[in-house]
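Here is my note on this model, point by point. Keep the structure open beside you as you read.

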Amino acid sequence: MYLWNRQFVVDPGKFFEGVAGIVEVTEYLNSMGTHKSDVWLPAMVGTVGSVGVTTRTESLALFDEERSAAFSDAGFQEMAGRVGNCLAANPEDTMWRIAHVAGERGDVPAVSSVVNWDAHPAELEGSIGFAIGMAEFQHELNGTTVVVGTSQWGRPNAVSMILNYDSIAEFEAASDAV
């Protein structure tokens, strides 16, 4: 399983127009293929103007095939052009291989806390092991579902822990428990 993520930074003066456009493009792409993407915004911290789009996929080849076909679609091109006019910077893509899940990976959570770090290449295996151990610890402590991902595409030697919650209050309680 892989997790593809595109991070946009929308111009503050065009924020609502940009978010609406990103949602429109995402819904359009969702109607074209088997992959379903979700749009998300930072809730408490992060770059002001950030908007993310995330897609789960079992196959990089199928994901690439579907997205390549969409990029040749005139409707997609027109909508994406309007979104591009609202951006403060070029989007950044990352691709994460899901290495471990502590808990049940279900629907898209209401709140996620994302912790990323880059490991020295000689320490990558140990860093992944550390993340898996922390994921299990946090899940056993308070039931939090924690997804551990690794990246060799977009962020070489990167490790990610995505902690999922139903609310900010649940995030706060789980954080206090650790």
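**Notes on the fold**

1. Helices α1 and α3 are roughly antiparallel to each other, because angles over 145 degrees count as roughly antiparallel, under 35 as roughly parallel, 65 to 115 as roughly perpendicular and the rest as oblique. Helix α1 covers residues 15-32 and helix α3 covers residues 74-84. Their axes come within 9 Å and cross at roughly 160°. Axes here are lines fitted to C-alpha atoms, for helices over the stretch in contact, and angles run from 0 to 180 degrees between N-to-C directions. The crossing of α1 and α3 is left-handed (the near helix is turned anticlockwise from the far one by less than a right angle; clockwise would be right-handed).

2. Which residues of α1 and α3 make the contact? From α1 come Gly21, Ile22, Glu24, Val25, Tyr28 and Leu29. From α3 come Gly75, Phe76, Met79, Ala80, Arg82 and Val83. Contact means heavy atoms within 4.5 Å. These residues divide into 8 nonpolar, 2 polar and 2 charged. Ala, Val, Leu, Ile, Met, Phe, Trp, Tyr, Cys and Pro count as nonpolar, Asp, Glu, Lys and Arg as charged, and the others, Gly among them, as polar.

3. A word on the source. This is a predicted model: local features need pLDDT of at least 70, side-chain atom pairs count only at pLDDT 80 or more, and totals for chains, interfaces and linings use all residues. Residues are numbered from 1 along each chain as its sequence is written, and side-chain values use heavy atoms, with hydrogens and water left out.

4. The protein chain has 5 helices and 7 strands. Helices (H or I, at least four residues) and strands (E, at least two) are DSSP runs, numbered from the N terminus. Along the sequence the pattern is β-α-β-β-α-α-β-β-α-β-β-α.

5. The 7 strands form an open sheet with antiparallel pairing, in the order β2-β3-β1-β4-β6-β7-β5. β2 (37-40) and β5 (111-118) stand at the edges with a single partner strand each, so one side of each is left without a neighbour in the sheet. The twist averages 25° from one strand to the next.

6. Now the pairings. Two strands pair if DSSP finds at least two bridges between them. β1 (residues 2-9) and β3 (residues 50-57) pair over 8 bridges, and Phe8 stands opposite Val51 in β3. β1 also pairs with β4 (residues 92-102), over 6 bridges. There, Asn5 has Thr94 as its bridge partner. Another 6 bridges join β4 to β6 (residues 145-153), where Ala102 is partnered by Val146.

7. Helix α5 (residues 168-177) lies across β5 and β7 (158-165), at about 120° to β7.
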